[in-house]
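Subject: Structure handover

Hello,

Here is the structure I promised you. Please open it alongside this note; my findings follow below.

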Amino acid sequence: MIRNVLSIAGSDPSGGAGIQADLKAFSARGVYGMAVLTALTAQNSQGVSGVHLVPAAFVADQIKAVFADVRVDAIKIGMIANAEIAGAVADAIEPHKGIPIVLDPVMVAKGGASLLDLSAVEVLTRRLLPLATLLTPNLPEAAALLHGPTAESRAEMADQAQSLRALGPQAVLIKGGHLPGQESPDVLATASRLSWFEAARIPTANTHGTGCTLSSALAAELAKGAALLKAVADAKAYLAQAVAQADTLTVGSGHGPVQHFHELWPTPQLDRH
């Protein structure tokens, strides 16, 4: 049976992040993708120049329409934007117990634009974190949720992952792409253990939408019934290859997108020397 996965997130008209990246990742991982929009953005590979929020009540209406008609096997939550939308999303999904929820706390775009109102952090923490099967912050996002400094070592990443799990999510995956060095390690904190997932840093500027893509791939794997550790391993491996093939695309002149369909499209050999 083909699984159905719902993304609740913002739109990126250039196609690299947000809902557009989510739907590409869902398709690449073999699930049927659905989308509830929380915001329209004016953005491209060079940055975000405008944000138009969808009214919170209409965000809720979109979610209710999907659930009224379609079996939902997993949910990915991305850009929430403000406290009112965060509350509306929580109210709409709370009645649907048992569905895996991957929460990617989108706060800042690649170019530095803020995508989450500061007043929304409290609502997101209080209402959405306890609903999450898996929380997937990067290092700055983890620090913002904890109101503390950004982790600069593996030990600090591990401590923050455990601190975030204490706020309510079943598991936390902190992404280490912002750490200095040649490696890009992620740490997964569950109730019983800490697990590290290793990857070499890939030399490319084309990393637009990596967080959206990883969280969507994770939601797809959980929808298909994968155990959490395998879901993380498979999603991270998929993203690593999507980043490795990103330079085969020619999209924009800034931070370009990853190649979501690297397993499906023929790709030329890259010369990174």
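Predicted model: local features only at pLDDT ≥ 70, side-chain atom pairs only at ≥ 80, totals over all residues.

Helices α1 and α7 are oblique to each other. The angle between α1 (residues 18-28) and α7 is about 40 degrees, and their axes are 8 Å apart. The crossing is right-handed. From α1, the residues involved are Gly-18, Ala-21, Asp-22, Ala-25 and Phe-26. They meet Cys-212, Thr-213, Ser-216, Ala-217 and Ala-219 of α7. By class, this contact holds 6 nonpolar, 3 polar and 1 charged residues.

Start with Thr-213. This residue belongs to α7, which spans residues 210-223. Is Thr-213 buried or exposed? Its relative accessibility is 0%, so Thr-213 counts as buried. What does its side chain reach? Another is the side chain of His-260, in a polar contact of 2.8 Å. Beyond its neighbours within four places in sequence, Thr-213 is in contact with Ala-21, Ala-25, Tyr-238, Leu-239, Val-258 and His-260.

Glu-221 counts as buried because its relative accessibility is 6%, and the cut-off for buried is under 20%. Which residues does Glu-221 touch, not counting those up to four places away in sequence? They are Arg-29, Ala-226, Ala-231 and Asp-234.

Next is α5, residues 139-146. Its buried residues are Leu-139, Glu-141, Ala-142, Ala-143 and Leu-145. The elements covering them include α4 (118-128), β6 (134-135), α6 (154-165) and β7 (171-175).

Look at both ends of α5. At the start, a side-chain oxygen of Asn-138 comes to within 2.9 Å of the backbone nitrogen of Glu-141. After the helix comes His-147, with a positive phi near 55 degrees. His-147 is not a glycine. It sits in the loop between α5 and α6. With a relative accessible area of 69%, His-147 is exposed; the cut-off for exposed is over 50%.

How do α5 and α6 pack? Their axes come within 10 Å and cross at roughly 50 degrees. That angle makes α5 oblique to α6. The crossing of α5 and α6 is left-handed. On the α5 side, the contact is made by Leu-139, Ala-142, Ala-143, Leu-145 and Leu-146. On the α6 side, Met-157, Gln-160, Ser-163 and Leu-164 take part. The residues of this contact divide into 7 nonpolar, 2 polar and no charged. Leu-139, Ala-142, Ala-143 and Leu-145 are also among the buried residues of α5.

**Helices α3 and α4**

The axes of α3 and α4 come within 8 Å and cross at roughly 15 degrees. The two helices are therefore roughly parallel to each other; the cut-off for that label is under 35 degrees. α3 passes α4 in a right-handed crossing. α3 brings Ala-83, Ala-86, Gly-87, Val-89, Ala-90, Asp-91 and Ile-93 to the contact. α4 brings Ser-119, Ala-120, Val-123, Leu-124, Arg-127 and Leu-128. By class, the residues of the α3 and α4 contact divide into 9 nonpolar, 2 polar and 2 charged.

Where is Ala-81 found? It is in the loop between β4 (74-77) and α3 (83-93). At 7% relative accessibility, Ala-81 counts as buried. His-147, the other positive phi described here, is exposed at 69%.

Best regards

Conventions. Residues numbered from 1 in each chain as written. Heavy atoms only, no water. Helix = DSSP H or I, 4+ residues; strand = E, 2+ residues; numbered from the N terminus. Buried < 20%, exposed > 50% of the residue type's maximum accessible area, 1.4 Å probe, protein only. Polar contact = N/O pair within 3.5 Å; in protein donor to acceptor, adjacent residues only side chain to side chain. Contact = heavy atoms within 4.5 Å. Axes fitted to C-alpha atoms, helices over the stretch in contact; angles between N-to-C directions. Parallel < 35°, antiparallel > 145°, perpendicular 65-115°, else oblique. Left-handed = near helix turned anticlockwise from the far one by under 90°. Nonpolar A, V, L, I, M, F, W, Y, C, P; charged D, E, K, R; others polar.
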